[in-house]
Each structure stands twice: as C-alpha cells, then as structure tokens.
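Have your viewer ready, try each task, and then compare your steps with the solution.

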Amino acid sequence: MASSDVKTQHPEYLLNVGKWRKMRDVLAGNQAIQAAGTTYLPMLSGEEESQYAARKGRAVFYDATGRTLEGLSGMVFRIDPRIERNGLSELQLSDMDQQGNSLQSIAKRVVKECLSVGGHVLLVDYPEVQNTDLTVAQAESQGVRPTIQSYTRESLINWRSEVQNGEEVVTLLVFKEERAVENTSDEFRHDKEVVYRVLRLRDGVYTSQLYIQPKEGTIIVEDEVAPRQGDSALARIPVVFISPEDLRPKIRPSPLESLADSSMTVNVNS
C-alpha cells in the first residue's frame, strides 16, 4: 500500500462520520451545540447576524440524550459483572491497557460507546519482545504482556473483510490516531502528530505498520512488524467489533440517535 493511500476512508465511514459527530456534540451538551452555530441552528432567510445571535442565545437544548445514556449504562452495571480470570493476574485485571484502566472500566466504556455511536473496537496489542525466555513473573515485572487497546468507531477509517471457510475474517484495518510529540523549543506547547496504524492479514500472518504524518513534511512509513504470541506469528488480527446488535465490522446505528434528533428539533424550533 502506498503511503498516499493510507488516508483513504471506507465508503460506510463517509456515510456515518457526520452522524457520529452529531451524537458526540449532542452528548457533550448545550455548549457544544451552541459552538457549532449554523451546523445545528441554520440562519433564516434574510436574517441578520445580530438577529441570529439573539435567536441562538434564546435557543433551548434539552439534554435528554445525555441523561438517558447515563441511566441506561448505569442499569447495565447495577450489578457487578462476574469476571472469569482465565489465568489473568490481579495486576492485569486492574490495568488491562497499561493506562490504569481495569477490565470493568473498559467494559463500561464499551457499553457507553455502543449506546452513543453504535459501536466500539477492541484490539489486543502484543508487545515486541527480544528475549522470549522470560518467566511469567519477569515479564509481568517488566510490563511485557498483551494489553487491550480501545478505539472509537470514528478512529477506524478503513477496513476490509472476506469470507474464509464460511467465516468472516478481517484482513485490513486502518486506525487514525493522534499522539503527543515533544516541542524542543517550547516546553509549554502541546503538539501532536497524526499516526495511521495499519493492521493487515496476508497469507495467514498478522502484521502491524505505522504511517506517521508529522505537522510538517511527508508521511514517514515505519517497518512492518509481525506481532507474535510466544514463538508463533498470529493467524488472525486480534480485534473485536462490538455493537448493540452483533460482533461484525458493519456499522450499526446508535440506539439513541432518534432521541438526539428530537433534542435537536427542540433546539431549532425554540
């Protein structure tokens, strides 16, 4: 894949990215809706700027969607889930992503994301290990272990799957991420660069590759890496798509979308 193609967005992504942005704004509340201006409150024909500003100031945004999200997600976890360890240590369960998030915290985020935008993506990330002879205790003390990485549905810009032996198998994923970069001339700045994480399944081998878009300059393509589990390469991309309906890559609508639309109607007609 040429680096110039890595920004390509899936046709379904293009159809849904506007809906996701709307859901994020509605759930963020009145301030986000006001800041969006004419996106959600169009100017009337012949209306002057001062008149529009006055009308926008009077507009009422009823935050029913955000309150419903909190209520529904709270109902799901009104009883603590039963967790099967399957050999996981207490440390792993309490920090599944090496960012301090427990398995239960990740589960709660997944539920909220499914209600908010209709889906979420979880990826098992395997670290590169030079010494494969580490004991379990040594690996854990050095932080060498698989982690669960969470991705919003918006961050997955492209994907491909195919049917193999009657099973849908994901063969390509492209995640768009942002990461902080150090500014050597100004310690107080908060600069970021865009990173495209490309995951492929080719000839039965899973590989990962980063395409880095600096703030200035051309895309930097890093070497392709084949994550391993012990001594073996992985034969599948270790990813799970979660939606209110199923575990497939296909985009599903948010269960709260119609409620969000109703809230926007109140805002426009107020």
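The exercises below go from the whole chain to a helix pair, a sheet and a single residue.

This is a predicted model, in which local features need pLDDT of at least 70, side-chain atom pairs count only at pLDDT 80 or more, and totals for chains, interfaces and linings use all residues. Residues are numbered from 1 along each chain as its sequence is written, and side-chain values use heavy atoms, with hydrogens and water left out.

**Exercise 1. Find how many helices and strands the protein has, and what share of its residues is buried.**

Step 1: Take helices (H or I, at least four residues) and strands (E, at least two) as DSSP runs, numbered from the N terminus. The protein has 8 helices and 10 strands.

Step 2: Call a residue buried under 20% relative accessible area, exposed over 50% and partly exposed in between, using a 1.4 Å probe and protein chains only. Of the 270 residues in the protein, 40% are buried.

Step 3: Along its principal axes, the C-alpha trace spans about 70 × 50 × 50 Å.

**Exercise 2. Describe how helix H1 and helix H6 cross.**

Step 1: Two packed helices are described by the angle between their axes and the distance between the axes. Axes are lines fitted to C-alpha atoms, for helices over the stretch in contact, and angles run from 0 to 180 degrees between N-to-C directions.

Step 2: The axes of H1 (residues 11–28) and H6 (residues 103–117) come within 9 Å and cross at roughly 115°.

Step 3: Angles under 35 degrees count as roughly parallel, over 145 as roughly antiparallel, 65 to 115 as roughly perpendicular and the rest as oblique. H1 and H6 are therefore roughly perpendicular to each other.

Step 4: With contact meaning heavy atoms within 4.5 Å, Trp20, Met23, Arg24 and Leu27 in H1 meet Glu113, Ser116 and Val117 in H6.

**Exercise 3. Work out the strand order of the open sheet and its edges.**

Step 1: Two strands pair if DSSP finds at least two bridges between them. The 5 strands follow the order E3-E4-E5-E6-E7, with antiparallel pairing.

Step 2: E3 and E7 (220–221) are the edge strands, each pairing on one side only.

Step 3: Between E5 (residues 191–202) and E6 (residues 205–213) there are 9 bridges, and Val195 stands opposite Ile212 in E6.

**Exercise 4. Is Glu154 buried or exposed, and which residues does Glu154 contact?**

Step 1: Glu154 lies in the loop between strand E2 (147–152) and strand E3 (156–164).

Step 2: Its relative accessible area is 18%, so Glu154 is buried.

Step 3: Neighbours within four places in sequence aside, Glu154 touches Tyr13, Trp20, Arg24 and Val117.
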